[in-house]
Amino acid sequence: MTAIPPAHDLLAARARRSGGAPLLTHYRPASGERVELSATSLANWADKAANLLDGLGVDEGSEVALPVLVERPASWMGLVLPLACWQRGVGVRVVPREEASGADLVVIGPDAPGPVGFETLACSLHPWGLALPGMPDGVTDFSSSAMAEPDAHGGVPAQPSAVAWLSDARDVTFAGLRDLEPLDERVLLTPDDPWEAVSTVWRAASGQGSVVLVDGPADADQLARIAHDERAVRF
């Protein structure tokens with residue numbers, strides 16, 4: 001079977017079409033935070049993270065677990081991780097920390113950071129991508145490490161039958177990822193399922209759409225106001 005072009009190609013093509021337009025807008029109503037990322041910005045984060053993975057020796061034979069997506073399904077920082085892995089042709093396993101200990105690389109959120117896998121990265125999930133200070137032994141801060149990496153990563157083709165996403169709810173191959181229908185609308189999500197968040201961003205990048213992610217609790221009035229202000233359709 002013909003290998004699937006790396007995820008880098010998808011983001012790079014979207015950046016060429018409309019690099020400055022918003023692709024992902026992140027809201028956290030509890031703190032009033034709003035962060036907007038263009039296709040160019042998201043691609044840059046994914047490139048840096050992919051270079052970090054390369055430096056850690058992560059390749060198609062590696063097992064990468066992402067408890068960070070279980071802990072905060074709608075954080076934009078967490079969504080960078082599967083994009084970066086897919087650029088390396090590497091699938092991800094989305095499980096809680098207690099199920100991730102056998103993985104080669106584990107990425108966790110900021111709460112109670114401690115070593116989990118052979119390599120453990122802790123992600124601050126800060127709206128501006130800031131670093132986590134004072135990491136314990138066996139844990140590396142994701143933000144500061146990724147930001148030190150080069151801005152370009154060409155990507156690695158993936159095998160169509162290889163698993164791109166594995167969780168209790170579903171498994172998706174790289175062929176299934178490729179075949180997701182492009183999205184051309186601006187949509188608002190309040191996802192509890194990290195696959196809903198990352199797959200919708202992927203579909204928007206494939207088309208001309210964009211995604212407004214609401215991270216954390218929000219009442220009906222808040223959601224209506226955000227949808228109105230962002231000119232987004234509830235998804």
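Reader: What share of the 235 residues in the protein is buried?
Author: Buried residues account for 54% of the 235. Buried means under 20% relative accessible area, exposed means over 50%, and partly exposed is in between, with a 1.4 Å probe and protein chains only.

Reader: Before we go on, what kind of model is this?
Author: This is a predicted model: local features need pLDDT of at least 70, side-chain atom pairs count only at pLDDT 80 or more, and totals for chains, interfaces and linings use all residues. Residues are numbered from 1 along each chain as its sequence is written, and side-chain values use heavy atoms, with hydrogens and water left out.

Reader: Thanks! How many helices and strands does the protein have?
Author: There are eight helices and 12 strands. Helices (H or I, at least four residues) and strands (E, at least two) are DSSP runs, numbered from the N terminus.

Reader: And why is it called as compact as a globular protein of that length?
Author: Its radius of gyration is 17 Å, close to the 18 Å that the globule rule gives for 235 residues, so the protein is as compact as a globular protein of that length. The radius is taken over C-alpha atoms, and the rule is 2.2 Å times the number of residues to the power 0.38. Along the principal axes, the C-alpha atoms fill a box of roughly 45 × 45 × 35 Å.

Reader: Now the sheets. What is the strand order in the open sheet of seven strands?
Author: The order is β7-β6-β5-β3-β4-β8-β9, with mixed pairing. Two strands pair if DSSP finds at least two bridges between them. The edge strands are β7 (140-141) and β9 (171-173), each pairing on one side only.

Reader: In which sense do β5 and β6 pair?
Author: Parallel: β5 (residues 105-108) and β6 (residues 119-122) are joined by four bridges. Val106 stands opposite Thr120 in β6.

Reader: Which strands make up the open sheet of five?
Author: In order, they are β2-β1-β11-β10-β12, again an open sheet with mixed pairing. β2 (33-38) and β12 (233-234) stand at the edges, each with a single partner strand, so one side of each has no neighbour in the sheet.

Reader: Is β1 largely enclosed or left open, and why?
Author: Five of the seven residues of β1 (residues 22-28) are buried, so this strand is largely enclosed by the rest of the structure. β1 pairs with β2 in the antiparallel sense over six bridges, and Arg28 stands opposite Glu33 in β2. Four residues lie between β1 and β2 in their hairpin, where Gly32 in the turn has a positive phi of about 75°.

Reader: What joins β1 to β11?
Author: Four bridges, with β1 and β11 (residues 210-214) running parallel. In β11, Leu213 is the bridge partner of His26.

Reader: And β10 with β12?
Author: β10 (residues 186-189) and β12 run parallel and are joined by two bridges. Leu188 stands opposite Arg234 in β12.

Reader: What about Arg231, is it buried or exposed?
Author: Arg231 counts as exposed, at 75% relative accessibility. Arg231 sits in the loop between α8 (220-230) and β12, and its phi is positive too, at about 55°.
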